[in-house]
Structure formats: C-alpha cells, structure tokens
Amino acid sequence: MRGVAPKIAGVAPLFMLFMAGAISAFEDIERLRIWPLPAEVSRGGRRMYLSDDFKLASEYGDPSGILKEGFDRMLGVVRLSHVVGNSSGSGGSALLQGLHVIISSSNDELEYGGDESYKLVVASREKPSYAQLEAKSVYGALHGLQTFSQLCHFNMKKKVIEILMTPWNITDQPRFSYRGLMIDTSRHYLPLPAIKNVIDSMTYAKLNVLHWHIVDTQSFPLEIPSYPKLWNGAYSSAQRYTFEDAADIVNYARRRGIHVLAEIDVPGHALSWGKGYPALWPSKNCQEPLDVSNNFTFKVIDGILSDFSKIFKFKFVHLGGDEVNTTCWSTTPRIAQWLKKHRMSEAKAYQYFVLQAQKIALSHGYEIINWEETFNNFGSKLSPKTVVHNWLGTGVVERVTAAGFRCIVSNQDKWYLDHIDTPWQDFYANEPLQNIKDKKQQSLVLGGEVCMWGEHIDASDIQQTIWPRAAAAAERLWTPYAKLAKNPDKVTARLAHFRCLLDQRGVAAAPLVGGGRVVPLDPGSCLAQ
C-alpha cells in the first residue's frame with residue numbers, strides 16, 4: 001500500500017572563541033562521523049578518556065527513571081565494541097569523570113511536538129572533567145545521549161573509551177516533529193523482542209514515531225477486550241499479542257522517546273476481522289471491505305478505538321482508508337438494497353464509511369491519519385483534524401497543504417523499505433517539502449515515515465531491510481535543510497560508519513552497496529561495503 005522547525009540560535013560568541021575551531025566546510029563536516037548530522041557543531045583537537053566509573057550527575061528529579069535508564073543504555077552501547085580496560089593510566093587531566101545533565105522541565109510526559117532540542121559540551125568550561133548536556137525535556141536529553149555515544153571510540157592501544165577532538169560544542173534540534181518508521185505485524189507476525197529491537201534501533205537514528213500497522217487482510221493478532229473473537233483472525237494461537245503486550249510495547253517505546261501510532265485499516269484490508277465475527281463480512285463468499293450497511297461494523301470499530309484509547313496515548317490514530325474495492329457492496333443483494341434505500345453510490349458509501357470511522361475516533365479523543373486516497377476522493381469532506389498520509393503520487397503534498405490539511409510523506413517510490421531495489425541515495429534525497437514554497441504550507445508538513453511492509457519480512461530479516469536505508473531518511477527528517485548534502489554520495493563515508501556502528505550494537509544493518517537486504521559482495525571492511 002499503500003514544519004519547518006525554528007532556526008537554532010548560534011553558539012555564544014565567547015564560547016566560539018573558546019573552541020579550537022568551527023566546522024564550516026562540508027568535507028570537514030563529513031569527518032565528524034555523527035549521524036544524523038547535528039544543526040551546529042564546533043570542536044577542538046584534544047583527546048579525552050572516559051573514567052572507569054563514568055557517572056551521571058544531575059539535579060533533575062527523574063521521577064520515572066527515564067534519564068537514568070537512558071544513561072545506562074548509552075554506556076552499555078558505548079562499551080559493546082570491545083572489553084574495556086582500566087583508564088587510570090590514561091592521564092588525569094584528560095580523564096572525563098561524568099556527564100552533567102541539566103533538564104529545565106520536570107514534566108516527563110511524552111507529548112507530540114514537545115521540545116526535543118539539546119546542547120552538548122565536551123568538556124564543560126566550568127567543570128573540565130565533566131561533559132555537560134542541557135535540554136528542555138528529558139526526551140531532548142535522550143537525543144543528546146545518543147549523540148554523545150557516537151563521540152566515543154575504543155582506543156585499541158590503551159583499551160579504553162576515548163573522545164577525540166574535544167572540546168565539542170553541539171547545539172541540535174529536529175527539523176520535523178514527525179520522524180516515523182512503520183512495521184506491519186499482519187503479513188508476518190513479529191515477536192515482542194523483535195519489535196523492541198526495532199524500537200531500540202530507531203533511537204540511534206533519532207526517529208520518534210513507531211507506526212504499528214497491527215492488523216490487515218491476512219491476520220488480526222491483537223487482543224481486543226471489547227470484542228475478544230477478533231483475534232480468531234490470527235495465524236495461530238501463539239502468533240498473538242495480548243492487550244498487556246501492546247501496553248508493554250507502548251511503555252517500552254515511551255521510555256525511549258518514541259510514540260506508538262496504532263492503525264486499523266478500514267473499510268478495506270480487514271478480511272481477518274470476520275474470522276471471529278462473520279457478520280462484518282458483506283457475505284461468506286465476498287468478505288471485504290467491511291459491511292457498510294451493518295451498524296454492528298461501527299460498534300466494533302468503536303469498541304476497538306475505545307480499547308485503544310486505554311493504551312495508545314499518542315494523539316493520533318491511523319484509520320487507513322486506502323485501496324478500497326467496493327464491489328462486494330454492490331454485488332451483495334442486501335447491501336445493494338441498503339445503498340438504494342439511502343441513495344448512495346459505492347463511492348458515496350466509501351465516503352460515508354470513512355467519515356463515520358473518523359467521528360468515532362474523534363469521540364475517543366484522537367486526531368486522525370488517513371491514507372491519501374481519502375483526500376484524493378473526497379478531501380473537502382474530511383475532518384479538519386485529519387492528517388493525510390501520502391504514499392501514491394507526486395504533487396499530493398502540495399495539494400493537501402494547499403487545502404489546509406496536515407500531511408505526512410511516505411511516497412512509495414522513495415520511502416518504502418520493502419522496495420528493496422531502492423538504494424539508500426534515493427531515501428536520502430527524498431525531500432518532504434519539494435516544490436512547496438509557501439511557509440504556511442510548509443508548516444503543515446509534519447514530517448515523514450519510512451514503511452516496512454511485511455509481505456516478505458519477518459524477525460529473520462527485518463533489521464537488514466530497514467537499515468541503513470532508514471537512517472538516510474532519518475537524517476533528511478532531522479538535519480537542517482541547509483546542512484543536508486545536495487549529492488547523497490557525499491555522505492557515503494559517514495553513513496558507512498553509522499552502518500558499522502549499528503552492526504557493533506547488534507543491529508543487523510545491511511551493506512550500503514545495492515538496495516535493501518543485500519549481502520556483502522566480497523571480503524572486506526564494513527566501512528567499504
């Protein structure tokens with residue numbers, strides 16, 4: 001199937017004088033080996049080492065333990081690459097004792113559009129034996145921890161963790177508020193550890209929305225307490241998610257700064273619903289789309305979204321609405337009679353269904369995301385709280401934003417990960433604001449999402465199909481437009497380094513050479529593949 005952020009203020013002039021040198025030329029930027037590229041970076045030429053007991057120092061209350069967990073995870077991945085020795089002989093003045101974290105907001109609710117900015121200084125002028133990380137929110141601090149982790153390298157001679165080119169000064173924030181990755185658990189079931197591994201890998205590239213395409217034509221793996229027979233549509237009793245499993249995934253993601261966007265794709269892509277409730281089918285022999293004439297259909301949708309509202313706390317819910325073949329409605333006599341009674345064509349019935357589903361979602365406090373067919377067919381009728389999810393054609397984003405709707409970009413020719421012939425360069429070059437000059441229209445583009453449709457992936461190959469191409473899109477969504485490479489090949493070395501870093505961290509990222517899910521062509525360094 002299927003906003004430009006405000007400009008970041010420059011580094012304070014006095015501190016700029018303190019830094020050994022600012023990175024300005026593009027070729028120097030590419031030597032930084034940070035992905036995605038921060039908004040502003042300056043650095044020096046000194047080497048420092050992490051002490052054995054490198055510690056977190058913060059006055060932040062950390063009521064939920066999110067900062068402490070994030071710090072521990074950061075240290076864990078930094079120490080993954082090799083067995084670390086004793087740093088006591090690495091030079092006292094060059095020893096970094098810890099990281100001082102300053103967070104100005106005590107609110108640790110994960111809110112869409114919240115402040116994700118951070119400032120990272122290694123080492124601090126005030127406390128030279130400490131790095132300093134400042135953020136408005138704990139989730140901005142988590143991004144800063146990810147960047148700090150990429151500054152750390154293993155010194156093979158001393159067998160300690162070092163940071164080169166200190167002092168560092170990094171000021172950073174995302175370009176777009178919505179930076180998504182979609183997974184599909186209907187075409188193939190993904191075990192909980194596989195989903196959690198995907199979430200962990202998303203944090204490394206600063207993606208912040210996991211779009212969970214939970215159910216589809218093939219299977220309905222999620223428990224819905226209001227309608228417990230729905231998961232009769234699962235592939236097997238073992239290939240299911242309990243309601244508590246889903247809540248656990250949401251909490252796991254939240255503690256890492258990632259929203260979970262739940263999707264039910266209606267009225268099409270829903271054949272599996274009828275395995276437990278056959279009344280949802282137009283007929284036994286014509287099973288999709290869901291029966292528009294039956295009030296029970298909308299009661300089930302209401303029950304699902306009511307249950308969703310208890311665990312999926314993201315402000316949006318995705319209602320699909322794409323690829324709807326309405327033939328079963330007109331060829332099923334009782335539905336055809338209902339259409340005639342209500343003076344509806346198949347097209348009008350499609351509109352009626354989508355708008356009814358939207359009303360139900362709104363009643364549960366959600367704003368709505370729909371695939372672009374809904375806009376293409378009856379855009380002016382959609383709720384003003386609709387976000388249109390582009391996936392089909394070019395020019396859609398301009399039309400959507402010109403009509404005053406918000407938009408998310410996932411055009412299939414560039415950002416569909418299951419299109420394994422699409423190289424990473426195309427992912428990098430795909431610009432969400434292409435041909436949109438009007439500032440108001442630009443502000444309506446929330447961001448974008450790479451889509452990992454599940455027809456040909458499962459837990460065995462999902463990561464190497466996602467990475468490193470998703471990282472190319474992640475930089476497009478994070479880094480200021482002016483800092484992005486006009487020619488993607490210019491960032492090859494830096495992306496290759498990030499791909500090697502993912503592999504070191506246990507993420508099965510494929511080589512850059514070729515499209516998705518490729519294997520190394522020959523023996524050699526991961527940096528050259």
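Guide: This is a predicted model. Counting the bonded cysteines of the protein chain in sequence order, the pairing runs 1-2, 3-4. C407 is in no disulfide; the nearest cysteine sulfur, in C451, is 12 Å away.

Visitor: How do you know that C451 is too far from the closest cysteine sulfur for a bond?

Guide: A disulfide needs sulfur atoms within 2.5 Å. The sulfur of C451 is 12 Å from that of C407, its closest cysteine sulfur, so the gap is too far for a bond.

Visitor: Why is C407 called buried?

Guide: Buried means under 20% relative accessible area. C407 has 0%, so the label holds. C451 also has a relative accessible area of 0%, so C451 is buried.

Visitor: What makes C286 and C328 a disulfide?

Guide: Their sulfur atoms are 1.8 Å apart. The limit is 2.5 Å, so the pair counts as a disulfide. The pair links distant parts of the chain, 42 residues apart. C286 sits in the loop between β12 (259-263) and α7 (295-311), and C328 in helix α8 (residues 327-331). C286 and C328 are buried.

Visitor: Why is the disulfide of C286 and C328 given its handedness?

Guide: The torsion about its S-S bond is about -90 degrees, so the disulfide is left-handed.

Visitor: What makes C500 and C526 a disulfide, and what sets its handedness?

Guide: The sulfur atoms of C500 and C526 are 2.0 Å apart. That is within 2.5 Å, so they form a disulfide. The S-S torsion of C500 and C526 is about 130 degrees, so this disulfide is right-handed. C500 lies in helix α18 (residues 492-504), C526 in the segment after α18, 26 residues apart.

Visitor: Are C500 and C526 buried or partly exposed?

Guide: C500 has a relative accessible area of 7%, under the 20% limit, so C500 is buried. C526 has 28%, between the 20% and 50% limits, so C526 is partly exposed.

Visitor: Which residue does UniProt list as "active site"?

Guide: The unreviewed UniProt entry lists E323. E323 is in the loop between β13 (316-318) and α8. The UniProt entry also lists residues 176-480 as "domain: Glycoside hydrolase family 20 catalytic". The end C-alpha atoms of that span lie 9 Å apart. The span is 38% helix and 14% strand.

Visitor: Why is E323 called partly exposed, and what does its side chain contact?

Guide: E323 has 41% relative accessibility, between 20% and 50%, so E323 counts as partly exposed. The side chain of E323 makes a polar contact with the side chain of H269 at 2.8 Å.

Visitor: What makes R175 and E431 a salt bridge?

Guide: Their closest N and O atoms are 2.8 Å apart. The cut-off is 4 Å, so the pair qualifies. R175 lies in the loop between β9 (168-172) and β10 (178-184), and E431 in the loop between α14 (424-429) and α15 (439-443), so the bridge ties together parts 256 residues apart in sequence. R175 and E431 are buried.

Visitor: How do you know that R476 forms a salt bridge with E431?

Guide: The closest N and O atoms of R476 and E431 are 2.7 Å apart, within 4 Å, so they form a salt bridge. R476 is in helix α17 (residues 469-478), 45 residues from E431. R476 is buried.

Visitor: How many salt bridges does the structure hold?

Guide: The structure holds 21 salt bridges.

Definitions and conventions:
Residues are numbered from 1 along each chain as its sequence is written. This is a predicted model: local features need pLDDT of at least 70, side-chain atom pairs count only at pLDDT 80 or more; totals for chains, interfaces and linings use all residues. Side-chain values use heavy atoms; hydrogens and water are left out. Helices (H or I, at least four residues) and strands (E, at least two) are DSSP runs, numbered from the N terminus. Buried means under 20% relative accessible area, exposed over 50%, partly exposed in between (1.4 Å probe, protein chains only). UniProt positions are given in the numbering used here, feature names are shortened, and annotations may be inferred rather than shown by experiment. A polar contact is a pair of N or O atoms within 3.5 Å; within protein, one must be able to donate a hydrogen and the other to accept it, and residues adjacent in sequence count only if both atoms are side-chain atoms. A salt bridge is a side-chain nitrogen of Lys or Arg within 4 Å of a carboxyl oxygen of Asp or Glu.
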